[in-house]
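Me: I'd like a close look at a single part of this model, and I'd be glad if you could walk me through it in one go. Here is the structure.

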Amino acid sequence: MTKLDTHLFDIGHLDTLAAGNSPLHRLDPRAKLITTLVFIGTVLSYGKYDIAALMPFALYPLVLTAWGGLPGRYLIRKIILVSPFAIFVGIFNPLLDQTVINHLGPLPVTGGMVSFVSIMVRFALTVSAALVLISLTGFHTVCMGLEKLGVPRPFVVQLLFLYRYIFVLMEEGGRMVRARALRSFNGKGRGLRIFGSMIGHLLLRTLDRAQRIHLAMRCRGFNGHIRIIRPMAFRTREAVFVLGWSALFITLRLTPVPQFLGQLITELFS
């Protein structure tokens, strides 16, 4: 099995996890989607120097991961896999902002260092929340929830097709890699020229494959509507889920919980 095939299976594993039957899996996708959006909005509302205040928000993805029976190591690997993007965004902060705002023993702590760590913490929180949402709901069901919440249908369908196109792209890429490996001997067929030609052929092959898939979908009755097996119903438990978590997020945002805990621990051990 090639690396592309492995990554293809790895991406599709999120949809496999979404087929679970825990109470969180059975929740209406709109409840989980709204709660995740409130979580992400609250996390992103913090300033660039806030780190300690963000730590209590790790409770949300941790509780949902444990309650939904999701594999924590798998989700951590996914976060680490995309972390270079966040690192690239904030890697120059220590060079651009060298104002000393604190000291860690004899070592000065600059604003750029703090803002870089803050970016990484917010990245880990938001990406983990998004991965938990997809693992508990499924990407197609998330798209269905977006449509029910009033997002324009053309945007939702394009988003769903973009997600499915990733699988087509990687599957065709895997075929081309295997074909090149079977026809390459003594290092031949591995140069930059061959690689550029393969990229062009990959685009043409995936476009042609995507058109055939779309025609097959139309022949089977697809008319732009996303259909799911589980019925969608926003009931009392969904309202409690949304209101409970949202109230907690707002409370954490308005209340300096880490400061209170630090004072309490200091008083207990003083």
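Which residues line the largest cavity?

Reply: Happy to take you there. Please keep in mind that this is a predicted model. The lining of the largest cavity is made up of Lys32, Thr36, Tyr60, Leu64, Ala129, Val132, Leu133 and Leu136. By class, six of these residues are nonpolar, one is polar and one is charged. The volume of the largest cavity is about 30 Å³, and a search of the whole structure turns up one cavity of 30 Å³ or more.

Let's see where that lining comes from. Helices H2, H3 and H6 each contribute at least two residues to it. The biggest share belongs to H6, which supplies four residues.

Helix H3 deserves a stop of its own. It spans residues 59-67, and its buried residues are Tyr60, Pro61, Leu64 and Thr65. These four lie on the same side of H3, because the arc they cover around the axis is only 125°. Turn to the other side of H3 and you find Leu62 and Ala66, both exposed. Two of the buried residues, Tyr60 and Leu64, are also part of the cavity lining. The cover over the buried residues of H3 includes helix H2 (29-44), H4, helix H6 (111-137) and helix H10 (236-254). After H3 comes glycine 69, with a positive phi near 65°.

Helix H4, one of the elements covering H3, runs over residues 72-90 and holds isoleucine 79. With a relative accessible area of 16%, isoleucine 79 falls under the 20% cut-off, so it counts as buried. Leaving aside residues up to four places away in sequence, isoleucine 79 touches Phe123, Ala124, Val127, Ser128 and Leu131.

Along the sequence they follow the pattern α-α-α-α-α-β-β-α-α-α-α-α-α. Of the 270 residues in the protein chain, 37% are buried.

Conventions. Residues numbered from 1 in each chain as written. Predicted model: local features only at pLDDT ≥ 70, side-chain atom pairs only at ≥ 80, totals over all residues. Heavy atoms only, no water. Buried < 20%, exposed > 50% of the residue type's maximum accessible area, 1.4 Å probe, protein only. Contact = heavy atoms within 4.5 Å. Arc of directions from axis to C-beta. 1 Å grid on protein atoms, 1.4 Å probe; cavity = no way out; pocket = protein on both sides within 12 Å on 5 of 7 lines; lining within 4 Å. Points joined across faces, edges and corners; volume = space filled by probe spheres on them. Nonpolar A, V, L, I, M, F, W, Y, C, P; charged D, E, K, R; others polar.
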